[in-house]
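This briefing is meant to be read beside the sequence and the coordinates. It takes the topics in turn, beginning with a term that the later points rely on.

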Amino acid sequence: MRYQEEIDLRQSRRTYDGTLLTDIQQDQLEQRIALLNERYGLSCCLIKEGASVFKGFKNSYGLFKGVRSFLWLQGPKSDENLEEKCGYAGEELVLEATRMNLGSCWVKGTFDQNSPLLQTVQQNQTVAVIPIGKTGQFHWKEKWIHQALNTRRKKWKELCVVEGKAPDWFYEGVQAAAKAPSALMRQKTRFFFRGGQVMAVTEDEIASDRIDLGIAKFHFECAADGNFDLGNPAVFHKKKESDLYDSNEDF
């Protein structure tokens with residue numbers, strides 16, 4: 001199973017201690033980013049010194065403290081699956097950062113979107129940014145946000161529809177997906193088990209729905225050992241036992 005411990009440990013954090021990433025942390029993240037960019041046709045990158053994007057009440061509504069570095073998730077506007085790919089790849093980076101004892105937070109709008117640091121080539125589109133760094137003590141605003149959002153988090157049984165008898169790995173996947181970050185804790189992604197087939201579906205009303213779809217798919221795959229097709233809806237393909245020993249790659 002991939003990142004199972006990190007899925008359980010990871011919390012969204014908005015208060016950081018203001019220190020830069022170490023060279024080792026930067027190198028590890030950039031190597032993973034390069035791999036994901038090549039695999040999914042993205043242009044994501046790590047901005048090591050990007051404090052200005054989150055400074056001041058105007059940029060972050062006072063919700064972020066001490067941010068120095070962040071992940072910039074972007075890719076070609078022409079890619080109809082761009083938001084989902086960034087959600088999927090971005091969550092792998094989030095959990096990789098958690099493995100490195102770094103905090104993170106998915107951010108879609110509360111940052112300076114006109115910052116010179118975020119000027120991209122014309123054919124690309126920014127999907128989200130993710131502050132990355134060593135965390136500080138919980139700020140009172142951060143505690144309040146956590147409490148407010150956690151009261152909205154759905155139970156895993158609310159996220160699935162089962163016809164017949166589903167295997168244990170399906171429920172393990174749904175439980176992992178229920179722990180996935182989601183915009184305003186909407187958790188719109190649903191997992192269906194029908195006729196032996198597993199599918200993931202979201203309402204697909206706004207761009208963040210597809211980001212959340214990618215994140216939820218990644219969590220499900222980490223627990224269930226398999227891969228979803230791209231798109232909405234999407235079919236899940238369970239890995240054969242022999243496949244689990246054929247490769248040392250994460251995918």
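A residue is called exposed when its relative accessible area is over 50%, buried when that area is under 20%, and partly exposed in between. By that cut-off Pro116, which has 71% relative accessibility, counts as exposed. The model described here is predicted, and its chain has a secondary structure of seven helices and nine strands.

**Confidence**

- The chain has a mean pLDDT of 91, with 92% of its residues reaching 70 or more.
- Over residues 242–251, however, the pLDDT is below 50, although in the model this stretch has 15 contacts beyond near neighbours in sequence.
- Where pLDDT is low, the predicted coordinates should not be read in detail.

**Overall dimensions and burial**

- The radius of gyration of the chain is 18 Å, close to the 18 Å given by the globule rule for 251 residues, so the chain is as compact as a globular protein of that length.
- Along its principal axes, the C-alpha trace of the chain spans about 55 × 40 × 35 Å.
- Of the 251 residues of the chain, 51% count as buried.

**The four-stranded sheet**

- Four strands, in the order S1-S2-S4-S3, make up an open sheet in which the pairing is antiparallel.
- The edges are taken by strand S1 (45–47) and strand S3 (103–104), each of which has a single partner strand, so one side of each is left without a neighbour in the sheet.
- Helix H2 (residues 23–40) packs on this sheet, where it touches S1, S2 and S4, and the direction of H2 makes about 150 degrees with that of S1.
- Helix H4 (residues 82–99) lies across S2, S3 and S4, and runs at about 15 degrees to S4.
- S1 and S2 pair in the antiparallel sense over three bridges, and the bridge partner of Ile47 in S2 is Phe70.
- Strand S2 (residues 69–76) also pairs with strand S4 (residues 124–133), in the antiparallel sense and over eight bridges, with Ser69 standing opposite Ile132 in S4.
- Seven of the eight residues of S2 are buried, so this strand is largely enclosed by the rest of the structure.

**Pro116 in its loop**

- Pro116 is found in the loop between S3 and S4.
- The C-alpha atom of Pro116 is separated by 24 Å from that of Ala207, the two residues being 91 residues apart along the chain.

**The five-stranded sheet**

- Five strands form an open sheet in the order S5-S6-S7-S9-S8, and here the pairing is mixed.
- Strand S5 (160–162) and strand S8 (226–228) are the edge strands, each of them pairing on one side only.
- From one strand to the next, the twist averages 20 degrees.
- Strand S7 (residues 197–201) pairs with strand S9 (residues 234–238) in the antiparallel sense over two bridges, and Met199 stands opposite Val235 in S9.
- Helix H6 (residues 168–177) lies across S5, strand S6 (190–194), S7 and S9, and runs at about 170 degrees to S6.

**Cysteines**

- The structure holds zero disulfides; a disulfide would require a pair of cysteine sulfur atoms within 2.5 Å.
- For Cys44 the closest cysteine sulfur is that of Cys86, and because the sulfur of Cys44 is 4.6 Å from it, the pair is too far for a bond.
- Cys44 counts as buried, its relative accessibility being 8%.
- For Cys45 the closest cysteine sulfur is in Cys44, and the separation of 7.6 Å is likewise too far for a bond.
- Cys45, at 24% relative accessibility, counts as partly exposed.

How values were computed
Residues numbered from 1 in each chain as written. Predicted model: local features only at pLDDT ≥ 70, side-chain atom pairs only at ≥ 80, totals over all residues. Heavy atoms only, no water. pLDDT = per-residue confidence, 0-100. Contact = heavy atoms within 4.5 Å. Pairing = 2+ DSSP bridges. Axes fitted to C-alpha atoms, helices over the stretch in contact; angles between N-to-C directions. Buried < 20%, exposed > 50% of the residue type's maximum accessible area, 1.4 Å probe, protein only. Rg over C-alpha atoms; globule rule 2.2 N^0.38 Å.
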